[in-house]
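Dear colleague,

Please find below the structure that I am handing over to you.

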Amino acid sequence: DGKLNWRNLKKAMNANNLNTKNLVLPEQVHGKDIEIIKDAFKKVIAKKDGLITKNKSIFLGVVSADCVPLVFYSSKNKEIGVIHAGYKGILKGILDNVTDYFKLNNKSLKDIKVLIGPSIGVCCYEVSKETINEFDRVFLGMENIYQKKGNKYFLDLKAVIKNILLKSGFSEENMEFSSLCTKDNSSILYSARKSKNKRYGEFVTIAGML
């Protein structure tokens, strides 16, 4: 809670005639756990990286600065979900947890809309060979999820996410991917990589049902 800039959040929400008293965010610990939200009494949900609600008066948010923010919407159940997906959370299975939840509550995942927000692109996300090996081990047979340039490896987080969602049963035509790379667009978006671990900001992705 202390890490969030509530003054800026309030300013942004007020500009859209919304109120931060209805906003709930996960703590974001690069884990796989999600929580179902029924009210907005707790503003930050500890040890979670994803939230889901059917309550139309609640807005859910995640903050990011290179990791991938995702929004899910089930028109059948009038339900929204948001998750924060960095490489650690993806390896731990946060997308599987969200998928399992929606599978239990929807006849088909093909009707669920998914928005994938700005994040670091394969153009800029250099990782170690060990990280690539870990993705190859966890997601056996998944192709085209990284690029090799010389002796450097670049991970494509959005390709990984797309592969997982398609394999789980989501429809590609109901997925919308932002093409913006946070590092390449650091004049309008925050990037932890661009800041080289100095102090940096985060932008927030907020979803609700009006």
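The notes that follow cover strands, helices, a pocket and several individual residues.

Please bear in mind throughout that this is a predicted model.

**Strands**

I begin with the open sheet, in which 4 strands are arranged in the order β3-β1-β5-β13, with mixed pairing. The edge positions are taken by β3 (44-45) and β13 (203-207); each has a single partner strand, so one side of each is left without a neighbour in the sheet. Strand β1 (residues 23-26) runs parallel to β3, and 2 bridges join them. Within this pairing, Pro 26 has Ile 45 of β3 as its bridge partner.

Strand β4 (residues 50-53) pairs with β2 and with β7. With strand β2 (residues 34-37) the sense is parallel, over 4 bridges, and Glu 35 has Leu 51 of β4 as its bridge partner. With strand β7 (residues 79-85) the sense is antiparallel, and here too 4 bridges are found; the partner of Gly 50 in β7 is Ile 83. Which way do the residues of β4 point, and are they buried or exposed? Gly 50 and Ile 52 are directed one way, Leu 51 and Thr 53 the other way, and all are buried.

**Helix α4**

Helix α4 spans residues 129-138, and its buried residues are Thr 131, Ile 132 and Phe 135. Viewed down the axis of α4, these buried residues fall within an arc of 100°, so they line one face of the helix. On the face of α4 turned away from its buried side are the exposed residues Glu 130 and Arg 137. What do the buried residues of α4 pack against? Their packing partners are the helices α2 (87-92) and α5 (157-168), together with the strands β9 (126-127), β10 (146-149) and β11 (152-155).

Leu 157 belongs to helix α5. Its relative accessibility is 2%, so Leu 157 counts as buried. Leaving out residues up to four places away in sequence, Leu 157 touches Val 68, Tyr 87, Ile 90, Ile 120 and Tyr 125. Leu 157 and Ile 145 are 12 residues apart in sequence, and their C-alpha atoms are 7.3 Å apart in space.

Helix α5 also contributes to the second largest pocket, where it supplies the largest share of the lining, 4 residues. The volume of this pocket is about 160 Å³. The lining consists of Asp 96, Val 138, Phe 139, Leu 140, Met 142, Asn 163, Ile 164, Lys 167 and Ser 168.

**Buried residues in loops**

Asn 106 is placed in the loop between α3 (94-105) and β8 (113-116). With a relative accessibility of 7%, Asn 106 counts as buried because the cut-off for that class is under 20%. Its side chain makes a polar contact with the side chain of Ser 74, at 2.7 Å. Neighbours within four places in sequence aside, Asn 106 is in contact with Ser 74, Lys 76, Asn 77 and Ile 112.

Ala 40 is located in the loop between β2 and β3. Its relative accessibility is 17%, and Ala 40 therefore counts as buried by that cut-off of under 20%. Not counting residues up to four places away in sequence, Ala 40 touches Lys 21, Asn 22, Val 24 and Ile 58.

**Positive phi values**

Asn 17 is a residue other than glycine with a positive phi, near 60°. It is found in the loop between α1 (6-15) and β1, and Asn 17 is exposed, with a relative accessible area of 75%. For Lys 47, also a residue other than glycine, phi is positive and near 60°. Lys 47 sits in the loop between β3 and β4 and is exposed, its relative accessible area being 63%.

With kind regards

Notes
Residues are numbered from 1 along each chain as its sequence is written. This is a predicted model: local features need pLDDT of at least 70, side-chain atom pairs count only at pLDDT 80 or more; totals for chains, interfaces and linings use all residues. Side-chain values use heavy atoms; hydrogens and water are left out. Buried means under 20% relative accessible area, exposed over 50%, partly exposed in between (1.4 Å probe, protein chains only). A polar contact is a pair of N or O atoms within 3.5 Å; within protein, one must be able to donate a hydrogen and the other to accept it, and residues adjacent in sequence count only if both atoms are side-chain atoms. Contact means heavy atoms within 4.5 Å. The arc is that of the directions from the helix axis to the C-beta atoms. Two strands pair if DSSP finds at least two bridges between them. On a 1 Å grid over the protein atoms alone, a cavity is a set of points where a 1.4 Å probe fits but cannot get out, and a pocket is an open set with protein on both sides within 12 Å along at least five of seven lines; lining residues have an atom within 4 Å of a point. Grid points are joined across faces, edges and corners, and a volume is the space filled by probe spheres set on the points.
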